[in-house]
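Biologist: Could we go through this one together, feature by feature? I'd like the cut-offs along with the values.

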Amino acid sequence: MKTTLTVNGRSHQVEHDARRTLLDTIRDDLGLPGTKKGCDHGQCGACTILLNGERVNSCLCLTAMHDGDDITTIEGIGSPDRLSALQKAFVEKDGYQCGYCTPGQIMSATAMLREVSEGAPSYVSGDLDGAALTDAEMAERMSGNLCRCSAYPLIREAILMASEAET
Amino acid sequence: MSVAKPLPHDAAPLHVAGTARYVDDIPVPAGCLHLAFGMSPVAKGRVTSVDLDAVRAMPGVVAVLTAGDLPHANDVSPSAHDEPLLSDGTVHYLGQPVFVVAATSHLAARKAARAGTIDVAEETPILTVDEALAANSRFEGGPVVWTKGDPEAALEAAPHRLTGSVKIGGQEHFYLEGQAALALPQEGGDMVVHSSTQHPTEIQHKVAEAIGTPMNAVRVETRRMGGGFGGKESQGNALACACAVVASLTGKPVKMRYDRDDDMVITGKRHDFRIDYSVGYDSEGRLLAVDFTQYARCGWAQDLSLPVADRAMLHADNAYRLDAVRITSHRLKTNTQSATAYRGFGGPQGMVGIERVMDHVARVLGKDPAEVRRLNYYAEARAEGADASGGRFSAKVKGEPGKKLETGDLASRGAVEVESGPSGSRRYGGAYSPKPQGGNTTPYGMEVTDFILGDMTERLMETSGYAARRAAVAEWNEGNRLLKKGIAFSPVKFGISFTLSHLNQAGALVHVYQDGSIHLNHGGTEMGQGLNQKVAQVAASRFGVPLEWVKITATDTGKVPNTSATAASSGSDLNGMAAKAACDQIRDRMAECLAGLFQGKPSDVVFEGGEVRVGGEAMPFARAAQLAYENRVSLSATGYYRTPGLSWDRVKGAGTPFFYFAYGCAVTEVVIDTLTGENRILRADLLHDCGTSLNPALDIGQIEGGYVQGAGWLTTEELVWDDTGRLRTHAPSTYKIPACSDRPDVFNVALWDAPNRSETIYRSKAGGEPPFMLGISAWLALSDACAACGPGWPDLRAPATAEAVLAAVKRARG
């Protein structure tokens, strides 16, 4: 099959098996290994990307279903010498240990901060019109991204730092 | 000085940009083959036929191998040569690799592996502790028994006695990066292997055996791991050997990466234990006699189970002086995954045993468990400065490191081949037990001279407001029928050193280039603990240059040979010292050269602030390096370190296995729902001893992460095997590790800032494993909450899942 994707602003046509996931397409066909494969089950969040601006687990997306879609991976967020505010905050707060979940955490948090600013509620929000980014909101909204090193306290500090810098 | 600073990890910008490379991210040459294992569908039996025709017919398949196709050794064991890479005709657990498929893509290999038909004449598997005991299925001839004092007489004489038992579950490592290896064939049959491993030398050794070459034909490189936690000490052998064998046979590059389910089904986990106890105590709660029986389920192959079970025995005392104690350890062989190293290496299981005893005694006496704990502490060390040099050790370094080794697998913690004794118990206690050197000795006869938990406990009790909160919890529980709170304190005393003494050595290689930049390599591996950053800090501070001038390169068996696993929390202790030794040699050579050029004394040459000062001259470090080069001074050196003062006889259970102890303590408060068993950690206060911390930011990260992972082990992480031996929890959908929302709501973490009394690198202490056991306080707090439901003994098991909590609540209600 052939599918056309826009990834980090560049258009790619990929030829693939009907059951190929976006994760495998991104890593193996497009050569962008920043998106990680942790469980391949949609449970760990290491493969989080932005699909038309929304965060998704790319291991649960079939490439064939995304013809014409716009994708942003960690490589599209910033490079080591041009980091985004969130990436800088993760460096500043040392928001990781082994680093394997980090790209997924950053992709997820990038979208999460926008969701909060747009007033999207979470499971723990008291109001359907959304809520401020409290500690409980952050814990709930980031609970889809596992960190086995359990660097959660510093991940949360980094996200908080970036959100405060934005507002 | 670059040490003792809270600097972030060295590869930080790469990690946040997704450009830090793991094995699966390395670009592979064209024509790379990918591997997948075909696995045993049953837990025990004899393989009657393996039909691989359908496998060979699958698209993309290049080769299919069974044991008979392996050209050399069929063994990936780190210890007893009892772990074939591919089944030798019998199968011993459900998931055991039987054949390996090489195909043109990862997916093609996986699909093809599923097409094989393995017929097995099934036998009844041995799965549980009781089944193993009944069948006398075990490693080593019989249980290992260590004794101090006369526990039988002391039990008899004690005014109070109780008995109990606790089941402690295992733990899946769930390193987020699964096992992976890449083999690149070289000219003349040489092999380069990239492996996600904590132990490159072990990979090198096993690969050399598998392709029939000496170790010098194999070079193993490890840039970093996406988590290890002990799961990459021996479990990477199978992938690396399979890749190297296929690469050697086909001449093509070969990669293997386990998918998550395969990883969880094939690889070993933390040992699950049952610990039975019989205790004598007085009415104050002082323990007068303890008799522990530890049953470790080791799985089908020996792997590292003997030293793991040893370490469980070595920590059966935790922080408490036991004058009359017997520890009996059964190492049971079962038809399950071969249990392996996991952060703490048996220590956590041993500690849970004695902490359960403390709670049980306190419950029966109606006392605050924290008070019973303190009553039983080892004696506090003398005031700081009285013996700050660690002078307690004899100067003797154990002389014959290889004496008992016949496996040739010298660099593995599983290396010691202890002769199996006659059947039945072997007792090393009684008349044979070591003479106590004084009153403050461990059950294995080591004097505890650096105990600081008395002071640390005092501090934590204050900062956490323990007494007031304990009263508040009791009051709150009076007013709440459905929700109950619990609070608990627990200490940690963890022994630092490999218990196989000869592993306590390390090497480093340092080059200073003529532009002043520094290249550093050491034998340790980076898995997120920040080891590279700590060792780089040591190097930067020796040369007095900014940290950015030091580059740490991938661990490489061609640069530093004969390394030990990065394990036993030893990484910075050993490699930091080795790097220091290498840097100091170069610095001394530079100083001598510059002193000659500028009419100064070598001892007066100062390396500081990026400058070198000599005889009134000051020059940039780069200029000094250039001068040294021009004057034909070698700017490259190897450094070597071995831990002094260790002597340990694991057969007798006597000696000084540890260089020092690392300490910590924790207070955790929880709440449970008595209708569902659901629970939350409300607050945790941790105080942990890293000596003079090399890097407080990294150490605090280890402490927080260790606590959460330890609490996860004892609460939500449950491994379930069905009665055919199939692991039913083989993905994160069924195996629950802590998420962001499982972190305690209030989380206060502090370092106990006092130098190590032993002479370690800048007087720091190891911090990888010890904080894991602070998580025990979360489990004890849950037990405390269950106990608030009624007068009965809740007998909470571990992990304390919601189901287990609910059952404990019912028992408490009676």
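Predicted model: local features only at pLDDT ≥ 70, side-chain atom pairs only at ≥ 80, totals over all residues.

Modeller: Residues are numbered from 1 along each chain as its sequence is written, chains are lettered from A and ligands numbered from 1 in the order in which they are written, and side-chain values use heavy atoms, with hydrogens and water left out.

Biologist: Which element gives the most to the lining of the largest pocket?

Modeller: A pocket here is an open set of points on a 1 Å grid over the protein atoms alone, where a 1.4 Å probe fits, with protein on both sides within 12 Å along at least five of seven lines; a cavity is a set where the probe fits but cannot get out, and lining residues have an atom within 4 Å of a point. The largest pocket has 34 lining residues, with Arg20(A), Asp24(A), Asp28(A), Lys37(A) and Arg257(B) nearest its centre. Two or more lining residues come from each of helix H1 (22-29) of chain A and, in chain B, strand S1 (33-39), helix H3 (106-113) and strand S12 (254-257), where helices (H or I, at least four residues) and strands (E, at least two) are DSSP runs numbered from the N terminus. The top contributor, with four residues, is H3(B).

Biologist: How many residues of that lining are charged?

Modeller: The pocket holds about 880 Å³ of space, a volume being the space filled by probe spheres set on grid points joined across faces, edges and corners. Ala, Val, Leu, Ile, Met, Phe, Trp, Tyr, Cys and Pro count as nonpolar, Asp, Glu, Lys and Arg as charged, and the others, Gly among them, as polar. The lining then splits into eleven nonpolar, eight polar and, for the charged group, 15.

Biologist: How far apart are the end C-alpha atoms of H15(B)?

Modeller: The expected span of a helix is 1.5 Å times one less than its number of residues. H15(B) has 27 residues, so it should span 39 Å, and the model agrees, with the ends at 39 Å.

Biologist: What kind of pair do Tyr707(B) and Phe747(B) make?

Modeller: Rings of Phe, Tyr and Trp (its six-membered ring) pair if their centres lie within 6.5 Å; planes under 30 degrees apart are stacked, over 60 edge-to-face and the rest tilted. Tyr707(B) sits in helix H17 (residues 696-714) and Phe747(B) in strand S30 (residues 746-752), 40 residues apart, and both are buried. With centres 5.5 Å apart and planes at 50°, the pair is tilted.

Biologist: Which residue has its ring under Arg274(B)?

Modeller: A charge sits over a ring if NZ of Lys or CZ of Arg is within 6 Å of the ring centre and within 35 degrees of the ring normal. Arg274(B) lies 4.6 Å from the ring centre, over the face of Tyr295(B).

Biologist: Last one: is Ser150(A) buried or exposed?

Modeller: Most residues other than glycine have a negative phi. Ser150(A) has a positive phi of about 55°, in the loop between helix H4 (135-141) and helix H5 (152-166) of chain A. Its relative accessible area is 1%, so Ser150(A) is buried.

Technical notes: Buried < 20%, exposed > 50% of the residue type's maximum accessible area, 1.4 Å probe, protein only.
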